[in-house]
Amino acid sequence: MNSIDLGLIDWSRAQFALTAMFHWIFVPLTIGLSIIMASMETAYYVTGRDYWLRTAKFWMKLFGVNFAVGVATGLILEFEFGTNWSNYSQFVGDIFGAPLAIEGIVAFFMESTFVAVMFFGWRKVSRGFHLASTWLTSLGAMISAWWILVANSWMQHPVGMTFNPETVRNEMTDFAAVALSPVAVTKFFHTVMSCSVVGAAFVVGVSCWYLLRSRHTDFALRSLKVGALAGIIAALATALTGDRSGVEAATYQPMKLAAAEGLRDGGKGAALTIVGDIKVPRMLSVLATHDPDGYVPGINDILSGGYTQGDGTKALPAAEKMERGRRALSEFSLYRRTMGTPEAEAHAKALEKDVKYFGYGFIKDEAELVPNVPMVFWSFRVMVGVGSFLVLWFIVMFILARRGEPIWRWALIIGLLTIPMAYVAGEAGWIVAEVGRQPWAVQDLLPLKASVSALPTEDVRITFIVFAIIFTVLLAAGVTIMCRAIGKGPEEPQERTTDTMTNVKA
């Protein structure tokens, strides 16, 4: 491991982060907008009013552009596991690959099939079948997110597997434990709800733009009501699921929680830091343990160990975990050397005893176990601060939309700005989730420096630059096409004519 170039790790991380963050520009809008446009088409199906049809078609058009660009960035992201992180793929491929395969085979094909009916099936299929296709497109996007988040959650909280020293792989032993991990369930609902916030903010922002320019005002007010109401529900649900995420982080990833709070020394009745010296007494204990007197370990406590964990056991010091990890690596090496001999079984049993600390064997210094505290600390505050503002602002916009025109110009401008604000909150949340678990690729089992592919650093640097250019072009193209569609606006009302689409309910 001493031969690994730290520059290679940094550039590989930067390339993956670049791809992931560009991809995440498109994913939230795909999921969030799919729910809203399906709700609008449902209103058309129930009421038969053409203005709901025009409204649904308009948001579907923007959904389609965003969906197409998002697929391109997502494919590159999955390839990078094999190109840049081949050791990781080898070590956990039996587990990590399964949910991604299901996502590609089931969810993506389901989504792609019904999205075609949704876009090209108007007047060709019944209203009921078309509505079902729209909801199934939305469901496909969420199922896709489910399996990707199952894979990500396993990296945060590895369960349902056994390490096989013969194949040097973690092999799945309990599919249900992986697929239905409490971390996966919480992360799925938290992510989908945060995506719905982005979708709602997009609808609100675009509607405010039309109202600022006094164009399509009836359409804009209807969309504003739907978007603001969806935003209220989604933002509150995001906060509730975020609370559960905090409890799980305290249980399975206490270092992440300590970094998010900048908490060096913990204790009972820990206060929540807002910013600087502004604190809320006992609130961190409430969030982490649902007990105002609950114990929350700080960074120094986690490194020194000795405190009682949630399961009643004593936390081991980082130094002892590192020693056990080195012992596990040694026994693994001895097992590989003695495979096929009587000694191998003894080494396998010794390895099994300390395998849960396997990843610590690669750690040379305790300081490596502490993530970038300032980045995690401030990202957490951006996420929570912007999220809290959006809850209040969606309520304000819903009230103003219900009241009708005129809406204050300054309120419309702020409504337009909620689009980038929602994106910033979402990206900040992923920084907390991913930077907060460093140095681990898989929590406690595999650090990044043991996961990276043995590539020339210069090659990774060059591909980083190439990807940055390609993604920027894709983003510019996607935004340009959406802006043109927004500039054109929804379809104008036409004289009602008799056709099977408007008269037949499936």
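1. Rings of Phe, Tyr and Trp, with the six-membered ring taken for Trp, count as a pair if their centres lie within 6.5 Å. On that basis, F58, W59, F202, W209, Y210 and F219 form one aromatic cluster. The structure discussed here is a predicted model, and this note goes through its overall build before turning to single residues.

2. Overall build. The protein has 16 helices and eight strands. Its radius of gyration is 25 Å, close to the 23 Å that the globule rule gives for 506 residues, so the protein is as compact as a globular protein of that length. Along the principal axes, the C-alpha atoms fill a box of roughly 85 × 50 × 45 Å.

3. Burial and contacts. Of the 506 residues in the protein, 50% are buried. If contacts between residues at least 6 apart in sequence are taken, 78% of them join residues at least 24 apart.

4. Surface and charge. The charged side chains number 42 positive and 42 negative. How far apart do the centres of the two sets lie? The separation of these centres is 9 Å.

5. Aromatic pairs. The pair rule gives a count of 34 aromatic pairs. One of them is formed by F389 and W393, with 6.0 Å from centre to centre and 10° between the planes. This pair is stacked, because planes under 30 degrees apart count as stacked. Both residues lie in helix α13, four residues apart, which is about one turn of the helix.

6. Cover of that pair. Are F389 and W393 buried or exposed, or in between? W393 has a relative accessible area of 7% and is buried, because buried means under 20%. F389, at 31% relative accessibility, counts as partly exposed, because that value falls between the 20% limit for buried and the 50% limit for exposed.

7. V396. Helix α13 covers residues 373-403, and V396 is placed in it. With a relative accessible area of 30%, V396 is partly exposed. V396 and A237 are 159 residues apart along the chain, and their C-alpha atoms are separated by 18 Å.

8. L229. This residue lies in helix α7, which runs over residues 217-252. L229 is partly exposed, at a relative accessible area of 40%.

9. S196. The place of S196 is helix α6, residues 182-212. At 10% relative accessibility S196 counts as buried, because the value is under 20%. Which residues does S196 touch, not counting residues up to four places away in sequence? They are G32, I35 and A234.

10. Cis peptide bonds. The bond from E405 to P406 is cis, with omega near -5°. P406 is in the loop between α13 and α14, the latter covering 409-435. Another cis peptide bond joins Q438 and P439, where omega is about 15°. P439 sits in the loop between α14 and β7, a strand at 440-442.

11. Positive phi at R123. R123 is a residue other than glycine, yet its phi is positive, near 70°. Where is R123 placed? The loop between α3 (86-120) and α4 (127-156) holds R123. R123 has a relative accessible area of 54% and is exposed, because exposed means over 50%.

12. Positive phi at H290. H290 is not a glycine either, and it has a positive phi of about 60°. Its place is in the loop between α9 (283-289) and β6 (295-296). At 48% relative accessibility, H290 counts as partly exposed, because the value is not over the 50% that exposed requires.

Conventions: Residues numbered from 1 in each chain as written. Predicted model: local features only at pLDDT ≥ 70, side-chain atom pairs only at ≥ 80, totals over all residues. Heavy atoms only, no water. Helix = DSSP H or I, 4+ residues; strand = E, 2+ residues; numbered from the N terminus. Buried < 20%, exposed > 50% of the residue type's maximum accessible area, 1.4 Å probe, protein only. Rg over C-alpha atoms; globule rule 2.2 N^0.38 Å. Contact = heavy atoms within 4.5 Å. Lys, Arg positive; Asp, Glu negative; His and termini not counted. Charge placed at Lys NZ, Arg CZ, Asp CG, Glu CD. Phe/Tyr/Trp six-rings, centres within 6.5 Å; stacked < 30°, edge-to-face > 60°.
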